[in-house]
Amino acid sequence: MTQPFGVSRRRFLKSVALGAGAVSVPAALTGCFGDDDDDDRDLTVFVFGHGVASGDPLADAVIIWTRVTPDNANGTEAKVAWVVARDEAMTDVVASGTEYTDATRDFTVKVDVTGLQPGTTYYYQFAGKDSAASPVGRTKTLPAGAVDRVTMAVCSCSNYPAGFFNVYNAMATADADVVLHLGDYIYEYGSNEYPNPDAQGRQPEPVQEILTLEQYRARYAQYRSDVDLQAVHQSKPFICVWDDHELANDTYKDGAQNHSDDEGDFIARRDAAHQAYHEWLPIRTGADRGKIYRSFDFGNLLSLHMADTRMLARDKPLSYGDYADSQGNIDIAGFSAALADSSRTLLGAEQQQQLLGDMIDSTATWQVLGQQVLMGRIMIPVELLAALGEIQAMLEAGVDASAKQAEVAQLLGELATLKATDPTNPRLTSVAPYNLDAWDGYFPAREEVLRRAQLLNKNLVVLAGDTHNAWASELYVADDSGNVLRDQGSVGVEFATSSVTSPGFETYVGFGDNVQLQAGFEGAVTSLVDDLKFLNAKSRGFMLVEFTQQKAQCQWLFVDTIASKAFNLNTAKTLVTRPGKGQRKLADA
Ligand SMILES: [Fe+2]
């Protein structure tokens with residue numbers, strides 16, 4: 001339908017210059033305001049300084065978002081008109097309305113637009129009574145019924161001070177129905193904490209580590225002032241989950257590595273972080289802001305299950321340090337018992353039951369698990385683990401680690417050679433999890449998911465972020481002793497994305513821009529880790545994942561720099577997997 005308002009007098013609003021240019025206000029939006037709207041409480045003059053966004057699409061609904069930049073001299077509330085149309089000129093209007101917003105929600109506006117058609121592209125726009133119109137956003141509802149193809153752009157770890165958001169810029173024009181953001185959308189650190197922003201002059205705002213609601217809001221406002229982030233939000237609907245840095249580094253259910261008692265009550269900080277997240281992200285907010293796990297159906301092709309492995313129910317991660325004596329010898333028995341403790345959880349009982357129930361109920365070809373941390377087994381020789389731990393300790397202490405880094409490069413080469421010549425050598429068979437913060441630190445929790453997927457004969461594709469590096473693994477079940485049962489076949493695969501900007505192995509392992517050392521590192525690690533089929537340890541980028549009834553294909557796309565606004569985008573790797581028992585492996589496209 002068009003012009004749905006039936007208002008007798010329409011007033012055309014002023015166009016204002018916003019970003020790239022003047023935005024004209026469609027007649028449909030001006031019609032949202034009548035003369036009786038001259039209410040003193042209204043902020044009648046404002047701009048939309050943080051762009052527009054959409055998210056959590058369903059077959060018949062989508063969230064649309066904007067934020068009013070308030071002018072407190074003129075009142076305390078803003079009345080915002082919104083309109084959804086089939087065309088970019090905003091003439092074929094299908095839904096419209098008005099919303100009030102105020103300081104209690106940081107002047108953000110979120111509307112759950114319903115009554116839409118499946119698999120359809122829509123355009124949306126906001127306006128104030130006597131002020132600007134927002135840019136026009138584009139979004140798309142989920143498909144229904146028989147579906148041939150779905151594409152997703154998948155990203156995580158966008159640290160503003162680390163560099164320019166060139167990856168977002170590239171994602172804005174990527175051929176994708178939807179963007180999946182797997183978390184670390186913001187980082188909580190203060191200036192010069194992580195990483196040093198001097199190179200790009202992108203100092204965080206506020207300058208200190210964020211702890212309060214006002215500070216979390218200010219941090220989101222800074223990120224959303226970035227034109228590349230605005231562009232990707234404007235171009236596609238997002239489906240988001242948070243990771244740890246939306247609150248604090250290495251968060252778990254009742255604490256975080258980067259939270260100390262002198263920073264105040266952890267739960268109050270968490271609730272503030274949750275509130276700001278729900279205000280600023282186009283996510284469908286339920287009664288409990290802490291519960292963001294939810295599933296999306298893309299017709300008969302795939303079901304997407306978005307999980308929270310981080311804040312809701314995660315038990316405190318294990319630490320090798322807690323099992324080491326003063327000489328650094330690890331209590332292997334004690335550590336192994338803790339690792340096998342099935343009471344330690346990542347998802348929590350309620351979320352796990354919901355996830356598994358949704359997987360049982362879904363008859364779609366693909367079951368896609370969108371979540372934060374690596375599920376693939378990254379078990380590495382213990383001597384390598386110890387050496388990497390030494391590097392980390394040296395870097396944290398601000399000590400020159402270059403000699404140790406060179407030692408590790410040599411050790412990796414030695415171990416990779418041994419793997420080819422003497423694979424049962426005890427130096428190779430004595431392994432431990434590389435990252436206890438990932439599913440590797442929660443063995444029984446991982447088995448719950450993998451064994452159920454195997455039992456249900458589902459085609460599982462796990463999507464992960466968090467590490468700042470790109471990975472692809474095959475996923476196999478293990479027995480209760482942790483022995484991997486590869487002869488039972490792969491249950492599914494994992495595609496893990498690099499970061500938008502956050503630094504990865506290149507700074508930690510120390511190969512920097514040395515391409516040969518990088519290739520040596522990646523080659524050695526993929527040969528040492530049995531289920532790992534691809535690793536990129538250096539580049540910033542995103543994944544373009546395409547699902548059809550015949551295959552799921554992942555392309556890793558990388559930008560060549562985040563140090564300048566000019567960049568090139570390259571496809572570094574493409575892997576495919578196919579549905580059906582015995583087919584769920586990784587192969588080159
Ligand atoms: Fe991150």
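Predicted model: local features only at pLDDT ≥ 70, side-chain atom pairs only at ≥ 80, totals over all residues.
Student: Which protein atoms are the donors of the iron ion?

Tutor: They are SG of C157, OD of D184, OH of Y187 and NE2 of H468, at 2.1 to 2.5 Å from the ion. Along the chain these donors follow the spacing C-x26-D-x2-Y-x280-H.

Student: How does the site relate to the loops that hold C157 and Y187?

Tutor: C157 sits in the loop between β10 (149-155) and α2 (166-172), while Y187 sits in the loop between β11 (178-181) and α3, so this pair ties together parts that are 30 residues apart in sequence.

Student: Are C157 and Y187 buried or exposed?

Tutor: A residue counts as buried when its relative accessible area is under 20%. C157 is buried, at 0% relative accessibility, and Y187 is buried too, with a relative accessible area of 1%.

Student: You mentioned α3. How many residues of this helix are buried?

Tutor: First, the general idea: an α-helix has 3.6 residues a turn, so residues three or four places apart point the same way. In helix α3 (residues 213-223), 8 of the 11 residues are buried, so the helix is largely enclosed by the rest of the structure. Among the buried residues are Y216, R219, Y220 and Y223.

Student: What covers the buried residues of α3?

Tutor: The cover includes α4 (227-235) and α5 (266-280).

Student: Let's turn to charged side chains. How many salt bridges are there in the whole structure?

Tutor: A search of the whole structure finds 35 salt bridges. One of the pairs is E447 with R377, at 2.8 Å from N to O. These two are 70 residues apart and link distant parts of the chain: E447 belongs to helix α11 (residues 443-455), and R377 to the loop between β17 (366-370) and β18 (379-381). E447 is buried, at 7% relative accessible area, and so is R377, at 6%.

Student: What about R486 and D531?

Tutor: Their side chains meet in a salt bridge of 2.5 Å, N to O. R486 is in the loop between β21 (470-475) and β22 (492-496), and D531 is in the loop between α13 (515-528) and β23, so the pair ties together parts 45 residues apart in sequence. R486 counts as partly exposed, with 36% relative accessibility, whereas D531 is buried, at 2%.

Student: Which residues are linked in a network of salt bridges?

Tutor: The network links D243, R310, R314, D437 and D466.

Student: How is β15 joined to β16?

Tutor: The two strands run antiparallel and are joined by 5 bridges, with β16 spanning residues 302-306. To find this pairing in the structure, look for F298, which stands opposite L302 in β16.

Notes
Residues numbered from 1 in each chain as written. Heavy atoms only, no water. Pairing = 2+ DSSP bridges. Helix = DSSP H or I, 4+ residues; strand = E, 2+ residues; numbered from the N terminus. Salt bridge = Lys/Arg side-chain N within 4 Å of Asp/Glu carboxyl O. Buried < 20%, exposed > 50% of the residue type's maximum accessible area, 1.4 Å probe, protein only. Contact = heavy atoms within 4.5 Å. Donors = N, O, S within 2.8 Å, 3.2 Å for Na, K, Ca; no water.
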